[in-house]
Amino acid sequence: MSKISSKFLLYFIQNRFVNTVSSSTLPLASVSTIEFLKNSCGLATDSPSSALRKLQFDEKSAKKYEAVPRFLKSYGFENSQIAKLIAKRPSILQSRVSSNLKPKFEFLEEIGFVGPLLPKVILSNPAILQRGLDSHLKPSFCFIKEMLESDEQANFAIRRFSWLLTSNLKGVMQSNVNVLLSEGVPSRNISKLIRLQPRTILQKVDRMVCAVKKVKELGIEPHTRMFVHALRVVVSISDTTWKKKINVLKSLGWSEKEILTAFKRDPYCLACSEEKMRAVADFCLNTAKLDPETVISYPKFFMSGLDKCLRPRFKVVEVLKVKKLIKNTKIAWLLFLGERNFVTNYVLKHLDEVPDLMDIYRGNAAAESRPVL
């Protein structure tokens, strides 16, 4: 950040205001603030937000405003990051460095947000700097740590979803956890849910209650590991979207009973888009020539990458069949082998007989176009 004295800033800004007053409806204080931000951290504010307009600027406040970008830079913030933060939360310029910002930054470093992680977590959720340290941030972290049983796991969850630190602790997080515990969901499974998808635990309590009820009605018991996975999916989509997805699969030939059985086996099959459902069904039924019963019995089909997994593996299997290197057996299970297992046993193993097999697997168009002899 360039060193610009407050007096020079005022002189420069006031002169600029004189030159632009005819085309600007902003008061002098707001124009001054904007010019300060442009010169201190490169913030582009051709169309200033209402929050920026409200900031007052004079020689005394200029010194306070200068202290904040200088403090941020001391913690590794780049000018572009400072500009982005101020654009999101202009009121941060009015924060007291020593009594407000510094203790919060020290706390964040203590819980593992050091180096580049510190600017990243603050930019992902600037509200962190507007919550009370002792009244909100520390209690929230302690609660998350208690649930996840370590600083490292709590840090990981917050990196995935920083709103864990700033959301309503007693009214939302603790209440949702209590709902799950009262229904018989083991603490270890709740911890897993927070690690996998922190957003789930921050839903409105009444929505959580409804989701728990729905998952139970589908026949998934709260004490099972699958319950939190099903809950994660049900919470993430509206009732209308749920019905649409069920109807898409029904239109493709499956009964609602078959669909819900597949959901209970692997809930994430209903997390993909309706478009992907149709595309996967088309590939499985029309290209791979799998029967409908096989497809619905392997819900992972709908979660697998069509172009990155299913199609490349199918092409490899088809080549191996033509070369009589594998038996003409059902291929569904081959499409879900671990990557290393598949590559080792069905690609590398047969490179002597089919030199282009790796290119075919990787999607090399030239290799795919050559006839298999």
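Helices α8 and α10 run roughly parallel to each other (that label covers angles under 35 degrees; over 145 is roughly antiparallel, 65 to 115 roughly perpendicular and the rest oblique). The pair sits in a predicted model, where local features need pLDDT of at least 70, side-chain atom pairs count only at pLDDT 80 or more, and totals for chains, interfaces and linings use all residues. Residues are numbered from 1 along each chain as its sequence is written, and side-chain values use heavy atoms, with hydrogens and water left out.

**The α8 and α10 pair**

The two helices are α8 (residues 133-148) and α10 (residues 169-182), which pack at about 10° with their axes 11 Å apart. The axes here are lines fitted to C-alpha atoms over the stretch in contact, and angles run from 0 to 180 degrees between N-to-C directions. On the α8 side, the contact (heavy atoms within 4.5 Å) is made by Pro 139, Ser 140, Phe 143, Ile 144 and Met 147. Leu 169, Met 173, Gln 174 and Val 177 face them from α10. What kinds of residue make up the contact of α8 with α10? There are 7 nonpolar and 2 polar residues, and no charged ones. Ala, Val, Leu, Ile, Met, Phe, Trp, Tyr, Cys and Pro count as nonpolar, Asp, Glu, Lys and Arg as charged, and the others, Gly among them, as polar.

**The chain as a whole**

Zoom out and you get a chain with 21 helices and 0 strands. Of the 373 residues, 46% are buried (under 20% relative accessible area; over 50% is exposed, in between is partly exposed, using a 1.4 Å probe and protein chains only). The chain exposes about 19500 Å², and carbon and sulfur atoms supply 51% of that. The areas are Shrake-Rupley values with a 1.4 Å probe, and for residues only the protein chains shown count as cover. Among contacts between residues at least 6 apart in sequence, 67% join residues at least 24 apart.

**Pairs from separate stretches of chain**

| Pair | Apart in sequence | C-alpha separation |
|---|---|---|
| Phe 71 and Ser 98 | 27 residues | 9.5 Å |
| Asn 125 and Ser 162 | 37 residues | 6.2 Å |
| Leu 202 and Asn 168 | 34 residues | 8.3 Å |

Phe 71 lies in helix α4 (residues 59-74) and is buried at 8% relative accessible area. Leaving aside neighbours within four places in sequence, Phe 71 is in contact with Val 97, Leu 101, Lys 102 and Phe 105. Ser 95 sits in the loop between α5 (79-88) and α6 (97-110), and counts as buried at 12%.

Where does Asn 125 sit? You'll find it in the loop between α7 (117-124) and α8. Asn 125 is buried, at 0% relative accessibility, and beyond four places in sequence it contacts Ser 162, Trp 163 and Thr 166.

Leu 202 belongs to the loop between α11 and α12 and is buried at 17%. Not counting residues up to four places away, Leu 202 touches Phe 161, Trp 163, Leu 164, Ser 167, Val 172, Met 173 and Asn 176. Met 173 is also one of the α10 residues in the contact with α8.

Most residues other than glycine have a negative phi. Glu 149 isn't a glycine, yet has a positive phi of about 75°; Lys 324, likewise not a glycine, has one of about 60°. Glu 149 is in the loop between α8 and α9 (151-160) and exposed at 70%. Lys 324 is in the loop between α18 (306-322) and α19 (339-346), exposed at 72%.

How many disulfides are there? The count is 0, taking a disulfide as a pair of cysteine sulfur atoms within 2.5 Å. Cys 210 is exposed at 52%, whereas Cys 284 is buried at 0%.

Key:
Helices (H or I, at least four residues) and strands (E, at least two) are DSSP runs, numbered from the N terminus.
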